[in-house]
Amino acid sequence: MFRSKSFLNRGIAALPLCLLLGAGAGAQSRVDMRGVDPSQCDVYLAIGRALPPECQSAAPSTGVTTRGLGLDIEEGGAPGTAAGVAPPAGGTHTPPDVKEGVFTLQFALNSSVLTPQARAVLDKVAVVMNDPASAGAKFVVKGFTDASGSGETNMQLSMARARAARDYLVTVRGVAAASITAEGYGETQLLSGIGPNSPWHRRVEILADFRG
């Protein structure tokens with residue numbers, strides 16, 4: 001299992017990568033790994049349909065915040081949550097139907113070029129996407145920015161970064177192209193509880209629906 005570490009490099013755009021799996025009603029969980037270098041087991045915990053045997057007894061890495069039904073670990077983590085989205089309360093320990101994982105990707109400043117750190121995180125994401133348990137899922141990669149810069153520029157940059165993440169998963173890691181699309185939202189969906197120019201707004205969300 002990989003060790004994790006916190007990071008936020010100067011001169012590099014750090015984008016939380018949020019992966020929301022499933023849709024509709026049901027048990028939900030949210031695992032926030034912004035600012036953390038996640039292990040493969042962390043990624044499975046965040047977005048996997050099922051944990052592999054080697055991860056079933058693994059504890060989340062330091063800095064990981066987990067909320068949701070049957071998942072009540074609070075170990076710090078990054079500020080801000082999606083506006084209008086709150087983890088549900090409940091008392092069941094059944095596996096979540098909807099899973100949201102938030103990771104940090106780093107891009108070159110004002111660029112859609114993936115850094116080695118971003119590729120390393122996407123490599124782990126691809127392992128989960130290519131797992132047989134994920135067969136039939138439909139993924140949407142969504143890009144977001146903070147409120148610095150013009151709205152038009154932010155929209156274009158968020159789209160370019162979403163496409164860069166999507167294209168890497170497809171062309172380098174072998175995720176089925178027909179299963180992934182990309183969308184850009186710019187600064188239109190800022191996180192709550194932090195300033196509009198905070199770097200934590202810069203993120204890529206991957207929406208996956210396992211119902212098909």
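Q: How far apart are the end C-alpha atoms of α3, and what should its 21 residues span?
A: This is a predicted model, and in it the end C-alpha atoms of α3 are 30 Å apart. At 1.5 Å a residue, the 21 residues should span 30 Å, so the two values agree.

Q: Nice. Which residues in α3 are buried?
A: The buried ones are Asn154, Leu157, Ser158, Met159, Arg161, Ala162, Ala164, Ala165, Arg166, Tyr168, Leu169 and Val170.

Q: How many residues are in the largest nonpolar core, and which have the most contacts inside it?
A: That core has 33 residues, and Val125, Met129, Leu169 and Ile180 have the most contacts inside it. The elements that give two or more residues to this core are β2 (28-33), α1, β5 (98-108), α2 (116-129), β6 (138-144), α3 (151-171) and β9 (203-209).

Q: Which element gives the largest share of this core?
A: Helix α2 does, with seven residues.

Q: Switching topic: how many salt bridges does a search of the whole structure find?
A: The search finds four.

Q: Where do Lys124 and Asp37 lie?
A: Lys124 is in helix α2, while Asp37 is in the loop between β2 and α1, so the pair ties together parts that are 87 residues apart in sequence. Lys124 is buried, with a relative accessible area of 11%.

Q: What about Arg173, which side chain does it meet?
A: Arg173 meets Asp123 in a salt bridge, 3.5 Å from N to O. Arg173 sits in the loop between α3 and β7 (180-184) and Asp123 in helix α2, so this pair ties together parts that are 50 residues apart in sequence. Both are partly exposed: Arg173 has a relative accessible area of 34%, and Asp123 has 23%.

Q: On to Glu205. Is Glu205 buried or exposed?
A: Glu205 counts as buried, at 15% relative accessibility. It lies in strand β9. Glu205 and Lys142 are 63 residues apart in sequence, yet their C-alpha atoms are 4.8 Å apart in space.

Q: Last topic, then. How many disulfides does the structure hold, and which residues does a disulfide join?
A: The structure holds one disulfide. Cys41 is joined to Cys55, with an S to S distance of 2.1 Å. The pair links distant parts of the chain, 14 residues apart: Cys41 in helix α1 (residues 40-47), and Cys55 in the loop between α1 and β3 (65-68).

Q: Left-handed or right-handed, and why?
A: The disulfide is left-handed, because the torsion about the S-S bond of Cys41 and Cys55 is about -75°.

Q: Are those cysteines buried or exposed?
A: Cys41 counts as buried at 9% relative accessibility, and Cys55 counts as buried at 4%.

Methods:
Residues numbered from 1 in each chain as written. Predicted model: local features only at pLDDT ≥ 70, side-chain atom pairs only at ≥ 80, totals over all residues. Heavy atoms only, no water. Disulfide = S-S within 2.5 Å. Helix = DSSP H or I, 4+ residues; strand = E, 2+ residues; numbered from the N terminus. Buried < 20%, exposed > 50% of the residue type's maximum accessible area, 1.4 Å probe, protein only. Core = buried A, V, L, I, M, F, W, Y, C linked by side-chain atoms within 4.5 Å. Expected span 1.5 Å × (residues − 1).
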